[in-house]
Amino acid sequence: MAALTIENAVKNYGQGDILKGINISIESGEFLILVGPSGCGKSTLMNMIAGLETVTSGRILMGDDDVTNVQPKDRDIAMVFQSYALYPNMSVAENIAFGLEIRKVPKHERAQEVERVAKLLQIEHLLDRKPGQLSGGQRQRVAMGRALARRPRLYLFDEPLSNLDAKLRVEMRTEIKKLHQNLGTTIVYVTHDQIEAMTLADRIAVMKDGIVQQFGTPQEIYNDPNNQFVAGFMGSPAMNFIPAKLAGTAAAVTVEVTDANGAVQQLPVPNSAALASQIGNEVVLGLRPEKITEPLPHKEADPMVTHLPMKVLVTEPTGADTMVVSELNGTQVDCRLGPRFDVTPGAAADLMVDMSLAVFFDKATGERIDR
Amino acid sequence: MVEAPMTVTRRAARLGLYAILAAVAFIYLMPVWVMLITSLKDVEEIRSGNLLSLPSSLNFDAWVTAWGSACAGSSCEGISSYFWNSFQIVIPAVIISTLLGALNGYVLSFWRFRGSELMFGLLLVGCFIPLQVILLPMARTLAFFGLANSTPGLVLVHVIVGTGFTTMFFRNFYIGLPQELIKAAKLDGAGFFFIFRRVVLPLSTPIIVVTVIWQFTQIWNDFLLGIVYSGAETQPVTVALNNLVNTSFGGKQYNVDMAAALIAALPTLIVYMVAGKYFVKGLTAGAVKG
Amino acid sequence: MNQQTNTAGRSINSAALSPLARLQQALADQLPKLVMAPTFLIIFVCIYGYIGWTFLLSLTKSRILPVWKFVGFEQYEKLFMNDRWMVSLENLVIFSFLFIALCLLIGMVLAVLLDQKIRNEGFIRGIYLYPMAISFIVTGTAWKWLMNPSLGLEKMMHDWGWTSFSFDWLVDPDMVVYTLVIAAVWQSSGFVMALFIAGLRGVDDEMIKAAKLDGASMPTIYRRIILPSLKPVFFSCFVILSHIAIKSFDLVAALTGGGPGYASDLPANFMYAHAFTRGQMGLGAASAMVMLGGVLAILVPYLYSELRGKKHG
């Protein structure tokens, strides 16, 4: 059964639509991430799910219940805020128990629940403190504890990690993932951090300008993006976009690139059938950095793999691998090489291009053309 | 911080600075000092000495007279009953206007509705109109409801005039609280008054103190509304003081005038000494923000 | 409307609510507006409604009681033919200008002096500010005694050997308005100081450090960088002080009683006298409307620039 269904939701503040017909549906126990640049409408959508903002048109369903016009307090939702929004005048224990108190849960049950949650989050020693006496990471845990205590049908996380430093962020990310796996909760999570989205989500909705650009699993989003925006937004370093011309025959379409020696090379295309009609057109080739590597012996036999002499402009060793900035068809291209492969800036290197997951976009609209 | 070594010119400059500050402090303190020593002299001493000459002995007769038997207008019972009148006006007016202001500020910050911003704007402008433009209709309204010359009438007028300011104080304070706090409480299932009582009010102590002090001084020190709307029996102390000083019945008793003035000033001065920090906050609220 | 009933064991369907619950819901939705209702009443009746009422009164011949016989702008014509009104306006111009200028100057200078890491700064500041806590009636009473022509400052100076010293402004029709300025500045300049100190404390420290490294001396830094950055404070003070000046009523009542004759009347005193003691309600209402005009002439541009500034910044 779908835990949350958003049907054609529109939000309008009077001057143009903020959200232009959102359709999303997730199953019970799924982890949905809303991701997109700031101003894309993801926080508005989350507030609408919470009932903190009205829906201009469309419906929001939880299970079978239409909650579009239901008050936030009656939706059985808990939310973790970016600023944590802990009640500063109450102790940690009181913060966690507040929602239960309002729902008139008897005192001893409240105490039990506080204890359970505190144990789960390892904040037992903090229960008597005030939020002002806690560190950022501790506040984060308390905020999550407050949400967990009510055992709601749906959890909302509004950029919960963006106020933490880099190390703590990674730690809490793991913590949230563990909680989700252990408790089987349904979560909607807003972030602008695409790494968070990739690591945490079962389903991702990539949003821009009030429209869901793509809704799918992390793998679908990463390997099979709907358009150039999604392809560019997800992944770091970002996907390379190389302007190129399609050539070859209808049975074996190729794409033309100029190598370091000035020679035009034909690279194979994974889905010739879809691109046959575009032969001779200028398109945008999308290729992830990890698909341009040093020659790998085990891949030599792959028909989608080609050797290409490429000019090395800059090298950036990161330890685990070496990022190389090169050039193809007049555009800078990021490549990800093994750390032991020796390259010299300024010289040409023999690199291997794997076209098996290459994608193609229309030059004008940025839409996928090879599906 | 490392202090730069003091050169001779620098030290002289510092000395000059302190001298100036002390001289100015003297000027600011002088009027109240003069009031105090004048109130402790008898009439003969006032005639023979000058403003700053000290009284030969501590003589509290003038204070006793001012409190209990000086003539203000037609009655000669001192200003004691008017002093209590002022409290009867000030206490309910401060409580009601502060409560209204807190609720208004809460709504205007966290429960906005269509037109609530406009309302706040109208209220702000209302704070700054000269009271003269509402005096006459207000008098007619009070008379219509049988509240003319009565203490409840005066309380009502002070609430009407003061709510704009109290709302502004609370609104400006609440707008600085995180909105997410209220969202969290709403999701926790709390309603309008529950959030106000349990989440917002416990955070409001500083602004409540500022508002109460501000309203207390404003209403205690009011003269215009007092003289227009009070009756002979319900006059606040400022009106009575003015009558007392301007009653030329027999010889001028400056010592009694000064004692009465000090009595009238005492409550706000005490508040200022005890909670001056908050008083300054009240004065600067909004003005610096803008 | 969807017709599904509760399958999950706990229904949260709005359609499933009982009529009573729905009534409660509707009430809860309207609660914020209900709470504001008394304030609605205050704003629309007691402020803006009454202003309209006063305006209508100013168009009538009302004397002791309202008479709804409209005579157009006759009362305004009468007002500006009235010598006492013209004197009060002239006094207001002199009083406001000097009061505002002196308060700003003294307040600003004191704030800068106190900003030099003074020991016991809080205590000194307290001394400069305490008159603000006192009623204008008390201030007036005190200064009336201080400036008493025979027993006040004059006598003190004579006692101290300056026998030619003469100070009788309180009874001099040409000078009496300046006594109002003295008392009002004593009471309000501390307020300006407090605002400026708050403003000075808000100035970015790094900006001052940068200026010092640029080689600017402290006076230059104050003149060229700090004080110009306090323009909004300056502006706020101006608006508040002019507001105090136009409304000034108590100080005149206590210090001079408007005298000698009506030489020290201000518009607020004129309004009170005609509306409440001399039975000239129409004329009083007209004078009140003129006062409102004066306040709005200052307030509207101020609020306009405030709101515009907020939107852009």
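So, chain A first: its secondary structure comes to nine helices and 21 strands. Keep in mind that this is a predicted model, so everything I say today is computed from predicted coordinates. The C-alpha trace of chain A spans about 80 × 45 × 35 Å along its principal axes. Chain A has 371 residues, and 42% of them count as buried. If you take the contacts in chain A with a separation of 6 or more, 65% come from residues 24 or more positions apart.

Okay, domains. The assignment for chain A gives us domain 1, residues 2–233, and domain 2, residues 240–362. Their centres, taken over C-alpha atoms, are 39 Å apart. What does the contact take from each of them? Five residues from domain 1 of chain A, and six residues from domain 2 of chain A. On the domain 1 side, the classes are two nonpolar, three polar and no charged residues.

Now let's look at a couple of sheets in chain A. The order is 2-1-4-5, and the pairing is antiparallel. Which strands are at the edges here? Strand 2, residues 17–27, and strand 5, residues 65–66, and each of those pairs on one side only. Strand 1, residues 2–12, runs antiparallel to strand 2 of chain A, and eight bridges join the two.

Helix 1 of chain A, residues 42–50, lies across strand 1, strand 2 and strand 4, and strand 4 is residues 57–62. Relative to strand 2 of chain A, helix 1 runs at about 60°.

Strand 16 pairs with strand 20, residues 348–354, over seven bridges, in the antiparallel sense. To find that pairing on screen, go to A:L308, which stands opposite A:L351 in strand 20 of chain A.

Let's move over to chain C. The division there is domain 1, residues 18–58, and domain 2, residues 74–312. The C-alpha centres of these two domains of chain C lie 37 Å apart. Between them, five residues of domain 1 of chain C are in contact with eight residues of domain 2 of chain C. By class, the domain 1 side has three nonpolar, two polar and no charged residues.

Last topic, the interface between chains C and B. How many residues does each chain put into it? Chain C has 79 residues in contact with 69 residues of chain B. Which element of chain C gives the largest share of its side? That's helix 1 of chain C, residues 19–58, with 17 residues. As for the classes, the side of chain C that touches chain B divides into 61 nonpolar, 12 polar and six charged residues.

Terms used. Residues numbered from 1 in each chain as written. Chains lettered and ligands numbered in written order. Predicted model: local features only at pLDDT ≥ 70, side-chain atom pairs only at ≥ 80, totals over all residues. Pairing = 2+ DSSP bridges. Helix = DSSP H or I, 4+ residues; strand = E, 2+ residues; numbered from the N terminus. Contact = placed C-beta atoms within 7 Å. Axes fitted to C-alpha atoms, helices over the stretch in contact; angles between N-to-C directions. Domains from an automatic or database assignment. Nonpolar A, V, L, I, M, F, W, Y, C, P; charged D, E, K, R; others polar. Buried ≥ 20, exposed ≤ 12 C-beta atoms within 10 Å, placed from the backbone.
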